[in-house]
Amino acid sequence: MMSPIEFFKTLPEKKCTACGNAIQEQADCYGDVCEECDDPAR
Ligand SMILES: [Zn+2]
C-alpha cells in the first residue's frame, strides 16, 4: 500500500495550460488550469 506522500511523488507535475505555472495538488477540480486562471472573477 502506497502512502499518500509516495503517491503524490509519483504523479507528474501538473502545469497550467493557460500560463504554464505548476498547479498545486490541493484540489483536482481545477482541470488543466491553475487557480488564478480558473478564477471566475477575472
Ligand atoms: Zn494559470
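Predicted model: local features only at pLDDT ≥ 70, side-chain atom pairs only at ≥ 80, totals over all residues.
View 1. Helices (H or I, at least four residues) and strands (E, at least two) are DSSP runs, numbered from the N terminus. Of the 42 residues in the chain, 5% are buried. Buried here means that 20 or more other C-beta atoms, placed from the backbone, lie within 10 Å of a residue's own, while exposed means 12 or fewer and partly exposed is in between. Residues count from 1 along each chain as its sequence is written. Local features need pLDDT of at least 70 and side-chain atom pairs 80 or more, though totals for chains, interfaces and linings use all residues.

**View 2. Here's E13, in the segment after α1 (4-10).** E13 is exposed because it has 7 other C-beta atoms within 10 Å. Q24 is 11 residues from E13 in sequence, and their C-alpha atoms are 8.7 Å apart.

**View 3. Now for E36, also in the segment after α1.** E36 counts as exposed, since it has 12 C-beta neighbours inside 10 Å. I23 sits 13 residues from E36 along the chain, with 9.9 Å between their C-alpha atoms.
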